[in-house]
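Hi everyone, thanks for making time for this one. Let me put the structure up, and then we can walk through it together.

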Amino acid sequence: MSELTLTVMRLGFLAVLWLFVIVAVQVIRSDLFGTRVTQRVAAGRRAAPDRPQRPAAPPQQRQQPARSGTRGRRGGPTKLVVSEGTLAGTTVALQGQTITLGRAHDSTIVLDDDYASSRHARIYPDRDGQWIVEDLGSTNGTYLDRTRLTAPTPIPLGAPIRIGKTVIELRK
């Protein structure tokens, strides 16, 4: 084997090794950044239950059509309640908007849970006024009543939605 071929192979191996190191550092950095944000929210735990309700309050025009769509179904859910986990007792009024769950700081409900992904799941209404839960490709999965979700699934009233140590339910 010539000296030039050997040198090119060494440089190629070195380039691949550095590429691996850079990608690994970026993954670790993004994971630490996500954790840092949730710790800041967890430190001000009193502000966390209020945060999910703030985006829903200002748009008065959107609330009325969304409510009229959900009024058509008698006995439909009106709120989302966190029943277990660090945010236990948090309530979010269901007003027709999509609710995102995860560790990311811009989620509707920010989960301080090692088993939650940054963008873990979302809950949204369909055209019939029924609420749907969808896993967003999370690592540890989203469970609806002990069944791991593989597709968007309608949520029965009172059925537990488990994301790590956090349990969420739809209630009247």
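Let's start with a pair of strands: β1 and strand β11 (residues 166–171) run antiparallel to each other, with five bridges between them. Within that pairing, Leu-80 sits opposite Leu-170 of β11. When I say that strands pair, I mean that DSSP finds at least two bridges between them. Helices (H or I, at least four residues) and strands (E, at least two) are DSSP runs, numbered from the N terminus.

Before I go further, a word on what you are looking at. This is a predicted model, so please read it as such: local features need pLDDT of at least 70, side-chain atom pairs count only at pLDDT 80 or more, and totals for chains, interfaces and linings use all residues. Residues are numbered from 1 along each chain as its sequence is written, and side-chain values use heavy atoms, with hydrogens and water left out.

Back to β1. Strand β1 (residues 79–84) also runs antiparallel to strand β2 (residues 91–93), joined by three bridges. Here Val-81 has Thr-91 as its bridge partner in β2. The two strands make a hairpin with six residues between them, and Gly-85 in the turn has a positive phi of about 115°.

Now the overall layout. The protein chain has three helices and eleven strands, and along the sequence the pattern is α-α-α-β-β-β-β-β-β-β-β-β-β-β.

Which strands form the open sheet? Five of them do, in the order β4-β3-β5-β6-β9, with mixed pairing. The edges are β4 (109–110) and β9 (153–154); each has a single partner strand, so one side of each is left without a neighbour in the sheet. Further in, strand β3 (residues 99–102) pairs with strand β5 (residues 121–125) in the antiparallel sense over three bridges, and Ile-99 stands opposite Ile-123 in β5.

On to the core. A nonpolar core here is a set of buried Ala, Val, Leu, Ile, Met, Phe, Trp, Tyr and Cys residues joined through side-chain atoms within 4.5 Å. Buried means under 20% relative accessible area, exposed over 50%, and partly exposed in between (1.4 Å probe, protein chains only). The largest nonpolar core has 22 residues, and the members that touch the most others are Leu-80, Leu-101, Ile-109, Ile-123 and Ile-155. At least two residues of this core come from each of β1, β3, β5, β6 (131–135), β10 (161–163) and β11. Taking Ile-155 and leaving aside its neighbours within four places in sequence, its contacts (heavy atoms within 4.5 Å) are Ile-123, Trp-131, Ile-132, Val-133, Leu-144, Ile-161 and Leu-170. Across the protein chain, buried residues make up 33% of the 172 residues.

What about the helical part? Val-21 lies in helix α1 (residues 3–43), and Val-21 is partly exposed, with a relative accessible area of 33%.

One last stop: the loop between β7 (143–144) and β8 (147–148), where we find Asp-145. Asp-145 has a positive phi of about 55° although it is not a glycine. Arg-146, in that loop between β7 and β8 too, has a positive phi of about 70° and is likewise not a glycine. Are these two buried or exposed? Asp-145 is partly exposed at 49% relative accessible area, while Arg-146 is exposed at 82%.

That's my tour, and I'm happy to take questions.
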